[in-house]
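Student: Could you walk me through this structure with some questions and answers? I would like to learn how to read it step by step.

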Amino acid sequence: EERYKETEMIIYQSIMVLLLNVIVPVLIGGLFQSDICKTRSSQLIYRYAVGFFVMLAIYQLLEVPMALCYVKFHVLVIVYTIILVMLVGIAIYQWKKAGTLFPTAMAKKKEPRTMYDWIYLLGFLAVLGYQLYHTIFYQMNEMSLDDATYLAYANDAVQADLIFLLDPSTGAYAGCSIQRLLQSSIVYPSFLAKLTGIHVTVIAHTIWPVFLVLMAYGVYYLMAEKLFEKRKNQYLFMLLVALFYNFGFYSHYSTSFRLLGTIWQGKGILAVILNFLYLYLFSELYQKDYDGKMGV
């Protein structure tokens, strides 16, 4: 019976992790779909990234005033979950109404992959696999000293039900930390931990980084598709980017350090995902006339 409960819990946790980190962002991102992406794969990646940042933005808008008003963390989780459910419901309704998940995808002639396509693609996947292995099994030490503070705040949200009210070093009540509560990404793993039942440290150091690394390379693929028409050049671009990222542990301030070292921190998400997504978006939007949808 104990083994059955453990198996049941693992299945539940796996479903919730995939739901919160993949399915929900893709569906919410569909509410902001544009005609920027022309293929199904790029549309799916675009939705994934945009949906994720919309979720982070909503979380920020809820977390800051609630923390200032000394609202319990479980209230934030409930309100945020209700909003996500509503957005997912709207997204599913629009999906059913449109009759397709890819309304603006253009049909492209499928060409067989050449030998060079396979060489570059498999090379990229090998480097990516190596990086994901280290993302899961290795952690930063002396170059990530602030992380203990971040995880203490995140764990206190789950264990003590308080948002940035306890001193991360002593655990004593210290009042609301304005400096920290504006960094809502610190306690976003707390939300994932609360709904999945997985410890905050495991979420922040092992599970969440895998999805963030994959999302980062997804955004780089969007850039590759925009920069290069030939599939061979797109794969070569991805391979070179992945290789260059292996040499970034020389400084706290290198972009590559933020991908392979501390991507779960807000500054890492900004540096290796959001900044490049902005470049991709702006390179397209600035070529068009302004309208309300673009502004949103």
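Tutor: Gladly! Let us begin with a definition: the expected span of a helix is 1.5 Å times one less than its number of residues. Helices (H or I, at least four residues) are DSSP runs, numbered from the N terminus. This is a predicted model, where local features need pLDDT of at least 70, side-chain atom pairs count only at pLDDT 80 or more, and totals for chains, interfaces and linings use all residues. Residues are numbered from 1 along each chain as its sequence is written, and side-chain values use heavy atoms, leaving out hydrogens and water.

Student: How far apart are the end C-alpha atoms of helix α2?

Tutor: Helix α2 covers residues 40-68, which is 29 residues. At 1.5 Å a residue, α2 should span 42 Å. The computed distance between its end C-alpha atoms agrees, at 42 Å.

Student: How many residues of α2 are buried?

Tutor: Buried means under 20% relative accessible area, exposed over 50%, and partly exposed in between (1.4 Å probe, protein chains only). Helix α2 is mostly covered, and of its 29 residues the buried ones number 21.

Student: Which helix has the highest mean pLDDT?

Tutor: pLDDT is the predictor's confidence in each residue, from 0 to 100. The chain averages 88, and 96% of the residues score at least 70. Among the elements, helix α12 (residues 292-295) has the lowest mean, 74, while the highest, 95, belongs to helix α7 (residues 188-196).

Student: What covers the buried residues of α7?

Tutor: Eight of the nine residues in α7 are buried, among them Tyr188, Phe191 and Leu195. Contact means heavy atoms within 4.5 Å. The cover includes α1 (2-29), α2, α3 (73-98), α5 (147-159) and α8 (200-227).

Student: Is Gln234 buried or exposed?

Tutor: Gln234 sits in helix α9 (residues 231-244). Leaving aside residues up to four places away in sequence, Gln234 touches Tyr221, Ala224, Glu225, Phe228 and Glu229. Its relative accessible area is 7%, so Gln234 is buried.

Student: Why does Asn275 count as partly exposed?

Tutor: Asn275 lies in helix α11 (residues 266-285). Asn275 and Val219 are 56 residues apart in sequence, yet their C-alpha atoms are 9.9 Å apart in space. Asn275 counts as partly exposed because its relative accessibility is 34%.

Note on methods: Helices (H or I, at least four residues) and strands (E, at least two) are DSSP runs, numbered from the N terminus.
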